[in-house]
Amino acid sequence: MTDLLNFSLPLLKDSSGRDREVKQFGLKKVEEVIYQHLFFDKDHRELDKEVLGKIDGSTKGRMSANILYYYGIKGKNANNKAMFRGIFKDISLQEGIEHLEKLIVQESSRGDIENLKKIITHLKNGIDREEFENDSLYLDEVDEDLNQSLNEETDLLIVDEVKTPAYSDKIRERKCGYGRNPKIAAEAILEAKFKCEVDEAHDTFISKKYKKPYVEAHHIVPMKYQYKYPNASLDVHANIVALCPNCHRLIHHAIDLESEAILELLFNGRASKLTNCGIDIDLETLLLMYKG
Ligand SMILES: [Zn+2]
Ligand SMILES: [Zn+2]
């Protein structure tokens with residue numbers, strides 16, 4: 001594990017100004033090059049092959065190197081290794097982003113702050129995109145589970161207690177960090193009786209898959225913050241609410257003023273249950289997690 005107190009980052013240099021590769025490959029690839037270099041210890045040759053698809057080796061890693069240089073990610077350390085390569089090897093993407101954000105606040109004169117801001121934006125986009133893409137897949141699995149549970153008519157027994165987070169190396173390959181079990185979400189929705197937990201009266205539609213009012217599962221304390229709770233899983237009933245599609249989108253996409261009102265309501269309804277599950281958090285901290 002990284003010692004957070006003694007964690008220091010190398011200085012970012014000025015941009016090389018050469019944006020040809022950045023433009024050529026587009027934001028998604030650029031974001032992946034930076035991510036894999038910082039968090040997965042990949043060198044520019046590997047990145048050209050694995051991320052940019054230059055399989056013949058003819059580019060000798062120059063494409064990725066030029067992308068990294070453009071963001072000031074250059075220079076070698078005492079061991080002649082690329083200075084930034086793998087600096088966040090042992091931590092989650094969200095944790096790495098927080099290190100970079102602290103750097104902006106604490107030492108704004110240190111290194112090239114504009115590059116730092118751009119890198120943070122790229123990494124955040126990565127989380128958002130993956131969360132969004134995974135979400136639709138996950139929600140499909142939840143629907144499937146709901147359909148099964150309804151057919152089996154098993155009794156629902158929900159106990160709020162501390163659970164160990166389900167972590168596996170495979171899951172670290174995903175930017176959001178931890179896996180979510182669709183069965184738990186399906187049970188949370190069953191418990192909510194297919195009603196939006198912001199307001200039971202919210203209108204939705206009948207689901208094709210499970211023939212009940214369609215609602216979606218949402219984790220109040222987002223899964224990307226699991227690393228803050230090493231002993232208590234965030235993927236528990238207490239932390240999952242059923243929402244109508246409009247409220248769910250609102251929480252993820254609305255301006256702070258609108259999403260905060262809903263978050264406060266949901267949080268107040270779950271505060272004691274969250275405590276029972278070892279998830280100690282106050283409203284202020286929760287709202288900060290959602291801020292742009
Ligand atoms: Zn959500
Ligand atoms: Zn709603």
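Helices here are DSSP runs of H or I with at least four residues, strands are DSSP runs of E with at least two, and both are numbered from the N terminus. By that count, the protein chain has 10 helices and 2 strands, and walking along the sequence gives α-α-α-α-α-α-α-β-β-α-α-α.

A quick word on what you're looking at: this is a predicted model, where local features need pLDDT of at least 70, side-chain atom pairs count only at pLDDT 80 or more, and totals for chains, interfaces and linings use all residues. Residues are numbered from 1 along each chain as its sequence is written, while chains are lettered from A and ligands numbered from 1 in the order in which they are written.

The C-alpha atoms fill a box of roughly 60 × 40 × 35 Å along the principal axes. The chain is split into two domains, with bounds from an automatic or database domain assignment:

| Domain | Residues |
|---|---|
| domain 1 | 20-124 |
| domain 2 | 131-290 |

Taken over C-alpha atoms, the centres of domain 1 and domain 2 sit 32 Å apart.

Now for helix α1, residues 20-39. Just after α1, Asp41 takes a positive phi of about 60°.

Note on methods:
The expected span of a helix is 1.5 Å times one less than its number of residues.
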